[in-house]
Amino acid sequence: MAARSSSRPPFAWTEKDFDEDVPPDKRRLAAALQRICRHLVIRTPDGVTPTHPTQAQAAKYLKISETALTRYLHGQHVPADKVTAFIFDTACRDAGGGQNLGITREELLELRARAEQERCGNCSRHREAVRAAGQKLKAMQENQERLERTAEERAEELREARQQASTLKREAQQAREAQPDIKAGPQKDRRAARAATLLPVNRRHGDRQQSKNETTAARGIASRAEELLGGGRPDSTLALLRHTAEAYTSIEIALLVALLRTNGQHELADNLVHIYGRDRSDRDVVRAALTLHEQDAVTDAEALLRAAAVRPGSALSHSDRPRPLK
C-alpha cells in the first residue's frame, strides 16, 4: 500500500510553537524531543512505512497517548524518565545510531531532570500564595488559642470572685446574727440584752462583746485583702472592698480602716474610705466618721465626709466643705 502524499513536509506535527509561560528548560527539552521524533521510522500494521506519518501514528508507535505526546512536544508536561529513555532508544534505533540524533541519551535525560525541577512563574506565584495563606492561618489559629486561654482565665477569675462574694456574705450574715437586732425596737433590744448577759462597759467605747465581733470581722476582711494584694490580684482586691462597703456595717468599716492603717496598708484604706463615702447613705457615712473620730482617725473621718459630700444628692454637699472633727 502506497503512502498517502501530502503537500506538508514530513513530520510537520513536530514543529510546535511554545506558549510564553513555558520556562526555558522545558522549552529545551521539548525542542530536543521534536528533533528526535523526526528520526522515527513508523510502520503501519500492514508493514507500510508512510513518508508523512501522523502524530497519532507516532504516539501509537511510541506506546503513549496522542494527547501526552502533544503536551511533551509543546513543553507543557515533562515525560517520565522511562518514557524519555524509550523515545530516545526508539529514535536511535530508527536513525541508525545516537550520533545521528545530535544529542546523547545522557544529555536528553539531563535536560529532562532540569525541566522537571524548573518552576514556572505561575507555580511560584501559587506556592507563594499558599505559603502566605498558611502563615495567615497559623497566626489566626494562634490568636484563637490565645483568646481561648484568656477566656478560660477570665472564667476562672469570675468563679473565684463569686466564691469570695459568697464567703463574704456568709461572714457578714454570721456577724449580724451575733449582734442584737437594732430594728426590733427598744423592748426586744432589752430582752436580747438580758438574755445575752452582755458585759458592762463604758458608753463611749460601746459594748465589748459586740465590738469584739466587729473587730473579728474587720480582721478577717483585712487578712483576705492582704492575701489578694500579695498575690498580685488588685482587681479582686477592689471587688472585695466594694462588697465589704455594701455588706458590712459602718462600725465594721471604721474598724477595718483603722486596722488597715495599723498594718501599713494605706492604699487599701484610702480606697475603702473613698468607696464607702461614695456609695453609702449619709447616715452610714456619718456613723462611720464618728467611729473613726473615736478611734482618733480624724484624717480618715474627714476624707470619708468629703467623699460623701461630692456625691450627687448628698445632704453633706449643701455645706461648702466638712469641718474638721476635733
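A nonpolar core is a set of buried Ala, Val, Leu, Ile, Met, Phe, Trp, Tyr and Cys residues joined through side-chain atoms within 4.5 Å, where buried means under 20% relative accessible area with a 1.4 Å probe, protein chains only. Keep that in mind as we go around this predicted model, in which local features need pLDDT of at least 70, side-chain atom pairs count only at pLDDT 80 or more, and totals for chains, interfaces and linings use all residues. Residues are numbered from 1 along each chain as its sequence is written, and side-chain values use heavy atoms, leaving out hydrogens and water.

Of its 326 residues, 34% count as buried.

Next, select Leu40, Leu69 and Leu108. Within the largest nonpolar core, which has 27 residues, these three touch the most other members. Now colour α1 (24–37), α2 (55–61), α3 (66–74), α4 (81–95) and α5 (105–117), the elements that each give two or more residues to this core. The top contributor is α1, with five residues.

Zoom in on Leu69. Setting aside neighbours within four places in sequence, Leu69 is in contact (heavy atoms within 4.5 Å) with Trp13, Gln55, Ala58, Ala59, Leu62 and Ile64.

Then move to Ile253, Ala254, Val257 and Ala289, which are among the 26 residues of a second, separate core.

Finish at α11, residues 266–279. Show the side chains here: Leu268, Ala269, Leu272, Val273, Ile275 and Tyr276 are among its buried residues.

Technical notes. Helix = DSSP H or I, 4+ residues; strand = E, 2+ residues; numbered from the N terminus. Expected span 1.5 Å × (residues − 1). Buried < 20%, exposed > 50% of the residue type's maximum accessible area, 1.4 Å probe, protein only.
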